[in-house]
Amino acid sequence: MLKRLAKIGALLLALAIPLSAPAFAQGSLSDTYSGDELVQSGQEFFGSAAQGLASLVERAVGQFGLPNGYILGEEAGGALFVGAKYGEGKLYTRNAGEFSIFWQGPSIGFDVGGDGSKVMMLVYNLQNIQEILGRYPGVDGSAYVLGGLGMTVTKRGNVVIVPIRSGVGARLGINVGYLNFTSEPTWNPF
């Protein structure tokens, strides 16, 4: 009788674990997106501001290969030597589907101004959705009065994220900071 109860308990535990796991817990992500697919998706998302997108995607693919995920979203930020950035979007993967994702982060440096951007982030080496969550340090520079399209690279462990931004605003400077990716929105930039 004790063995039978142990088997039933093990079966119930095996059934309960997948039901209680968070939506981000998915299997390995291996299928990649081609450069043409990324450019098409980016052009649909950025609209008329997409001039130059193909060359930035080509540059990222040439340096890092084909990504196995990408994020489309929007962000806003500002700085007066110390700054903050907030964003939200959707992470797209071939194997695990789509997920809402949020990012925020502080910065410090010779940086003054404010901006709002549409962002396409190419995501490389993502083994599971949980792996994208966390802090990605980096250096960022901006120099525009009305708008522009720019690319940066940030890395944590094996995961590389290449944000491509099309923004408007007035911003000038260079800063050091990080982006903290989360599954829930927060006002705390740290």
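**Pocket and cavity linings**

Strand S1 contributes four residues to the lining of the second largest pocket, the most of any element. The model is predicted, so that local features require pLDDT of at least 70 and side-chain atom pairs pLDDT 80 or more, while totals for chains, interfaces and linings use all residues. Residues are numbered from 1 along each chain as its sequence is written, and side-chain values use heavy atoms, with hydrogens and water left out.

Two or more lining residues come from each of S1 (69-93) and S2 (97-124), strands being DSSP runs of E with at least two residues, numbered from the N terminus.

S1 and S2 pair in the antiparallel sense over 24 bridges, where pairing requires at least two DSSP bridges. A hairpin of three residues joins S1 to S2, and Gly-83 stands opposite Ser-107 in S2.

One cavity of 30 Å³ or more is present, a cavity being a set of points where a 1.4 Å probe fits but cannot get out. The largest cavity has a volume of about 280 Å³. Of its 23 lining residues, Lys-85, Asp-140, Arg-165, Asn-175 and Leu-179 are the closest to the centre. S6 supplies the largest share of this lining, seven residues.

Methods:
1 Å grid on protein atoms, 1.4 Å probe; cavity = no way out; pocket = protein on both sides within 12 Å on 5 of 7 lines; lining within 4 Å. Points joined across faces, edges and corners; volume = space filled by probe spheres on them.
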